[in-house]
Each structure stands twice: as structure tokens, then as C-alpha cells.
Amino acid sequence: MRYVVLGGAGAMGRITVRDLFETARDSEIVIADYNFKNAQSVARSYHSPRVKAAFVDVLNLQATTRLLRGAFAVINSVQYEYNLHVMKAALKAGAHYLDLGGLFHMTRRQLKLHSRFERAGLTAILGIGAAPGITNVLARFAADRLDRVQEIHIRLGSIDKTKILNPPPLSSSDWDIFTTYPGGQVPLFLSLYVGWVAAALALLALVRGGRAGRFWLGVAVAGAFLALGANNPAAVPFHQLLAVFRFPEKYAYLLHLGLSLAAGWGVHSIPGRLRNGPASRVAWGVTLLCILEVVAVNQRVNLTARRDYYDLRDVPELALLRRGEPARVYHRDHYREDVTSVRHLYATYRRELVPNLARIAGVEHVGGVEFLNVSGHQAMLGLVENVPPSERLARRLAFLGVRYVLTSDPSFASSPDWTRAAQRKTELLWEIDRVAPRISIPETVAARASPALGEVSEHAGYSSGRQAFVTRGERVGHGLRGVVVSGSPRPNGMSAFVRAETEALVVWLESDYPGWSASIDGKAARVVRANGLFMGVWVPAGEHRVEFRFLPTGFIPASAVALLGWLVMLGLLTVRLPRQGEQASVG
């Protein structure tokens, strides 16, 4: 019997391999992994002809199907976003399927394949990772050894020993800085410090300030509770409640607001009432003391010089990005573990603040929340995230029109495949060769039904802009000829002048989204989806000006409602209503 463990060289996969080796003693085990060297290393450690290594790219459906053909079962240990790819390959190969889970949303999509597996006579078991999974096995194991079982309680816990992703305060000098690393993005620093004097006054408000003081102090406590997010021990029993706060650090503002106003009530309660004379001077003196304390701490902890934030003349990447044509920049985070203070951390990552760097340089950045204007975010991000530095990654980025990669990850420099496909410009910046133009006229336009973007994006024709595809039923063409004489993308639009020798499709690498419209020489034209993610418009032979314009679908109705609201407000301000007791005159 033959088993294939996809991702078998990973942390979870190699445990599965060990279990199969010890329990299925007459079986053949294939350790299949994208990192073939690691797969070979794990296979050699068994010193057995039963254990073999194989290379696999699960985004390549045909190759994965060939690998699984003849296997009794495939145990899928790769990242959950690839579960559907593996399930389809298992169906084609006639192999039973198991995976470690799909984090709800992916599992719901996988369940739609139930009838296909049933017709094929195959079994697919989803989510045999932690829970449900090993917890169910352990519970049954324990239940079989007991006389009677009334209830089974299962609780999971873990300890994240990663130093940099969710750290404690960085050093003793930074005790008053709260750091978060949301979603693996560049960290956001928020000082929760409002001063010992202010804190003491807030406590005084709790005792003497009455209901108002207690209320604002309660707001401050609630703000601190929510701002701590995953660092809050209460996040374990209340994880479902706290999960709605996607960016918990923003609730630090509640802490600042509540403590500030509570401290104000504390000042108010010192003399009883603020009046002219000694009492007023005492209150002003205490307020000034609060301000001086906060300023002193800020000077010690934070970066205060203007040049620390605004003087970017020493950033070589900025000069290079400004010098070239407008392009897209992809950023891959790589956190170091040698950071000792907030000042050190900011200086370390200053050159990698990609959203700001890209905006200043006048280029777009690809990745994070602003990934190509959000539309198709998951599809686009899935093409490049978790793909190691390689020619494959370079082609996928080229397909998206990405020319530059900004990263401090050392694996890029050590990858021969990557260094063949990209040139190193600085310590952090790489430039990719042969990138698809932002605006182009492909030579061939084909129709594809539900294409696998992973395979398509690696094709040299698509990643260079020479070929394009549209959805099934759309117009196609071969031997198309034309050039883009000029093109100028701008916010909410694009204008291009094209010269077509034949009928041609003008492709623009901007995400297709409701609200886009196109025109040719001022006449409305139909927008077609090109390359699965972007937009195109067919133009006849000749010279033409092509325009794309974006107007949100609800913009006009919303504008009408806003205008009506302003008219109502103006009417209420200008019309004098009769006062109580007055009678409207008649005649």
C-alpha cells in the first residue's frame, strides 16, 4: 500500500511520516514537498527503501495528479489555502484524502466536493489536525479504558516562543511602550503612558470625583483591556468576543481619552471647584506638572527629531524608485530577533516602511491591506505569499506587473533561481527582469474557463504581456498587432494612446472592480476581464485614445442623499419657527 504525505518535510508532515513508518510496516511512504532537499534529508534519515522523497508543486494540478496516481491515500500537510488544489488532484488520481483542517472558510468550500468524492467511491476526511483531530483520538483512547464516561471536556493551549512577532516590552527603558505586530505587518507603536501624576489624579477622581470621574476611569480600563488584544490573558476565555477587534491597538485611544478626562476630574476635586484665586493656581500647577512629566518621558523614549521621520535622503531605495518609471513594489516581511529598543527597531525597519516609502516615491506597493486596491486581494496574495525566492516567484510577480521587491530576507540572496531572475539594486531592493507592461496589447488572446492562476502566471507569455486570456465565451484573437504609444495611469482612471494594426485587446493591469467604465475616442466601450484579475477593452484597427474611469457604484445616490441632507439643514437654519405662545398671523 502506498501513502503520499504532501508537505512531508514540514513540522506536521514529518510526524505523520514517522507514525506511518511505525504503524503501516508493509507500506511505501512518499515524502512529497516543494523543498525537495528537505524531503530527501527526511527520507534518508529512515535508512529504509520504503521511504522515498519526491518534489511536488501542488499548484500544478497535472504533476500532482501524476504523483498521487496509484496511492491508497494522500495526507495533505501543506498550508490550508491549497486544500482545494490537492483535493482535486486526489479525485483525478483516485486516492483517498485527509488533511489537517481548513480554518472554517476553506473547509466549507471543500465540503462542496462531497458528491464528487461519493460518486468516485473515495473517502475524504477533513480537519484531522488539533481539534477535531488528535483530541478526538485521545478522548476515545481514554474513554475505552474507563468504566463509564459522562462528559468529555477538551481544551487546547499553546505557547508561542517566537521572540519578535508578539513580544513583551522590548527593554527596561521602553517599559511604557506597547508594541503590537498585527498580521505580521510592520509594527505599530502606541505609547500608553499618560504619566504617574495623571494616573494618581485619575485614582483621586475615583474616590472624590463622583460619577463622572468613575465613568471616565472605566472608559480608560476598557480601552486598556481592548488594546492589549492577544497579549491580554482574558483573551483565552473571551477569545470569541475579542476576535471582533481586528486591530486592537486602536483602542489605546480610549485609554488616553478616559485617563485624561478622569485626571481632569481629579484636578477638579483638589480645590473643590475651579475658581479664581489660590484654588485655581493650584489646579493650573498640577495640570502643568502632568504635561511636563509626559513631555519628559516622550523625550526619553520616542524619536523626537523631525529628521527621524521626514528626512529620507539617506534611503537609497527611495532614490532608485523615483528615478525609474512608475512601477509596483512587493514587500516581504522579515523580522529580526536582535532588536533591543524602540529606537533600534524603528531605525532597523525604517527603510522597510513600504506603504509610506512607496507613496513618497510615487509607486504602488503590492502586499498587505492595499494589495492592488483590495479587489481580488486573496487571489493575488495567494500567488506570491509562501512562495520561496525562485524564478517561479519572479514570474508570478511579473504577471502582476511588479517590478521591484523590497525585503531584508537573506534567503533571496542565497537562492540561485532568484538571483537569475532578478538583479540586486541595494541591500534591500531587487529588480525583476521582463515584467508585464502596465498597459499592453498581447499578440494572442485565448479563452480559459476557471484557470489556475498559479500555473498561468508562471507562463512566460502571460508574465511578459505577450499573451492574455479572457473568460469562456468572450472574443479571442491570434496574430494581434499594435503598440501602446503612451499611457498615463492616474487615481481613479487611465488614459492611453494606442496604434493597432489589427483589431486588438488593450490590457490594463488594474484590478477589475464594479464601477470601472471604458471609452474609445470618447465613445463608451465594454470592459472585459483579462488574465483573471485585470481589465481590457477591444479596439478596432487604427489610432485610438482609450480611457478608463472609476466611479463607485453608490457614489451618485449617496451624493444625492448628502445634498438633500444639506438642503434640509439649511432650511431648518433659515426658517423661523413660531415660539411657544406665539400665534401665526393670518392675512
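Which residue in E2 is the bridge partner of Val-4? In this predicted model, it's Val-30. Local features are taken at pLDDT of at least 70 and side-chain atom pairs only at pLDDT 80 or more, while totals for chains, interfaces and linings use all residues. Residues are numbered from 1 along each chain as its sequence is written, and side-chain values use heavy atoms, with hydrogens and water left out.

Start with strand E1, residues 2-6 (helices, H or I, are DSSP runs of at least four residues and strands, E, of at least two, numbered from the N terminus). Five of its five residues are buried, so E1 is largely enclosed by the rest of the structure; buried here means under 20% relative accessible area, exposed over 50%, and partly exposed in between, with a 1.4 Å probe and protein chains only. Arg-2, Val-4 and Leu-6 are covered on one side of the strand, and Tyr-3 and Val-5 on the other.

E1 also has two strand partners to look at, where pairing requires at least two DSSP bridges between the strands. Five bridges link E1 in parallel to E2, residues 28-33, and four link E1, again in parallel, to E4, residues 73-76. Val-4 takes part in both pairings, with Val-30 in E2 and Val-74 in E4. Together with helix H1 (residues 11-23), E1 and E2 build a right-handed β-α-β unit; right-handed means that, with the strands pointing away from the viewer, the path from the first strand over the helix to the second runs clockwise.

Further along sits helix H4, residues 83-93, with eight of its eleven residues buried. Among them are Leu-84, Val-86, Met-87 and Leu-91.

Asp-521, with phi near 55°, is in the loop between strands E20 (516-520) and E21 (523-525), and at 46% relative accessibility it counts as partly exposed. Asn-531, with phi of about 60°, lies in the loop between E22 (528-530) and E23 (534-539), but is buried at 4% relative accessible area.

Asn-531 turns up again in the lining of the largest cavity, alongside residues including Phe-399, Tyr-462 and Leu-509. That cavity has a volume of about 60 Å³ (a cavity is a set of points on a 1 Å grid over the protein atoms alone where a 1.4 Å probe fits but cannot get out, and lining residues have an atom within 4 Å of a point; the volume is the space filled by probe spheres set on the points, which are joined across faces, edges and corners). Its lining has eight nonpolar, four polar and no charged residues, where Ala, Val, Leu, Ile, Met, Phe, Trp, Tyr, Cys and Pro count as nonpolar, Asp, Glu, Lys and Arg as charged, and the others, Gly among them, as polar.

Terms used: On a 1 Å grid over the protein atoms alone, a cavity is a set of points where a 1.4 Å probe fits but cannot get out, and a pocket is an open set with protein on both sides within 12 Å along at least five of seven lines; lining residues have an atom within 4 Å of a point.
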